[in-house]
Amino acid sequence: MSLLLPTQLVFNIGFYAVVPFLALVMSEDLGLGAAAVGLVLGARTFSQQGMFLLGGVIADRWGSRRSILTGCVIRAAGYFGLAASDSFWPFLLSAVLTGVGGAFFSPAIEGLVGTLDRARTSATTTDSGGQGTPPHNVFAWLVLIGEIGAVAGPLIGLGLLPFGFPVVAASAGGLFLAVGATLWVLLPHHAGSTGNGGEPEPEPDTSGMRGAFACLEDRRFVLFAALFGVNLLAYNQLYFALPLELGQGDSGVGSLAILFAIASVLTIALQLPMSALATRLGPTAALRTGFICIAAGFASIILLGRTGLHLLPGLPVLTGPVALVTLLGLGHMLVGPAGMRQVHRFAGHQPLGAYYGLLASCGGIAVLTGNGLTGVLRDTLGSTCSWVLLILLALVSATLLPRFLPATSVHPAPPGRPARPVLPPVLPSVPDQKVQS
């Protein structure tokens, strides 16, 4: 853990030093239209999130260390490509490479963290006679540390931007190469290490690609992942729909920067308390409450508008956008750790990387298709219809997702290992939940 969290911090610093400025660079420096900008940003997101399943399988088969190091090299190549690009196609290819790099290292890191969380939960359950819970969800720490990087990254990028975007992109590329070199030295060579001397991962499944893709055969988990993907689609609206909404209201880049700062500060201040609340509520109530908060955030932009009330003449309070960012952030902080913690309960003795990969891939598909649908609605019927669609999707997830939580059951163990029950949920799930076979 002492190595994984700083790695996540530096990864997010490098990422957020570049990505927030891509649209500006493409539109102003390269002279690309909105359609081309949207294509590049959409392809970058999908190339990362949409390939997480494949990246997770690769992490399970290669080992986390090799997958993380490969991802660092690929993402560095993408950033160096962005620095050198002066037209649409090289920029698109380089942006896709940055996403592919993330698809290599992010599932590997999440798999290692999931292994640590599983070991801590197992130890706590054993020590307390099956009734205990870990003091903190390690995924909440992963989100918290990553969010600190999300705050520092844009500030570093903004400081370097006067020297030109190529300097920003090349600096991020150099940062990823430096991280890769550090991990090459410090990350243990055996693939099963959590990187901090913790418990080893379960022995990898050697039954071939069918075993690697076992998560696709678990229809309950596929449905869970599809509904959980709405969370990523919803949070993506901070970078897609919210800037468009503010642009219509002529609120300016400064207002958008303030809203991003509010979102980051909320996450840094409240992620651990919200994770503790989710643990007390249990996965059913936490997921349902989180998605209802998300739906309420989208409703607030309709009810309060893009500028809202004014304290003084000419000074917009941005009531609607602030309510959107606040409610969306609170909902995301409940849904994210609560949902990700269910993955190792679905996986049982199967390798974790593919399961986390499928979860992220469903999020990438949700962003690609959801942004496309809401964009068409925004262009044809107006922004209100696009917000209504997002509200409906959040409410569908709030209603259906708890029905597909993993049930407490015994998964078959690999040959030569005794079967053991899947770890019980933090609190009981919905009463009418069916037991998995």
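**View 1. Helix 1 is largely enclosed by the rest of the structure, because 10 of its 13 residues are buried.** Here, buried means under 20% relative accessible area, with exposed over 50% and partly exposed in between (1.4 Å probe, protein chains only). The buried residues to look for are Leu4, Leu5, Thr7, Gln8, Phe11, Asn12, Ile13, Gly14, Phe15 and Tyr16. Helix 1 covers residues 4-16 and reaches 18 Å from its first C-alpha to its last, close to the 18 Å expected at 1.5 Å a residue. That expected span is 1.5 Å times one less than the number of residues. Helices are DSSP runs (H or I, at least four residues), numbered from the N terminus.

A quick note before the next views: this is a predicted model, where local features need pLDDT of at least 70 and side-chain atom pairs count only at pLDDT 80 or more, while totals for chains, interfaces and linings use all residues. Residues are numbered from 1 along each chain as its sequence is written, and side-chain values use heavy atoms, with hydrogens and water left out.

**View 2. Helix 13 (residues 283-304) packs against helix 17 (residues 383-400) at about 170°, with the axes 8 Å apart.** Axes are lines fitted to C-alpha atoms, for helices over the stretch in contact, and angles run from 0 to 180 degrees between N-to-C directions. So helix 13 is roughly antiparallel to helix 17 (over 145 degrees; under 35 is roughly parallel, 65 to 115 roughly perpendicular, and the rest oblique). Nonpolar covers Ala, Val, Leu, Ile, Met, Phe, Trp, Tyr, Cys and Pro; charged covers Asp, Glu, Lys and Arg; the others, Gly among them, are polar.

**View 3. Helix 10 (residues 219-236) crosses helix 13 at roughly 40°, and their axes come within 11 Å.** That makes helix 10 oblique to helix 13. On the helix 10 side you'll find Phe224, Leu227, Phe228, Val230, Asn231 and Ala234, which meet Leu287, Phe291, Ile294 and Phe298 in helix 13. The tally for this contact is nine nonpolar, one polar and no charged residues.

**View 4. Helix 5 (residues 64-84) and helix 8 (residues 165-186) cross at roughly 165°, their axes coming within 8 Å.** This pair is therefore roughly antiparallel. Their contact divides into 18 nonpolar, three polar and two charged residues.

Notes: Helix = DSSP H or I, 4+ residues; strand = E, 2+ residues; numbered from the N terminus. Contact = heavy atoms within 4.5 Å.
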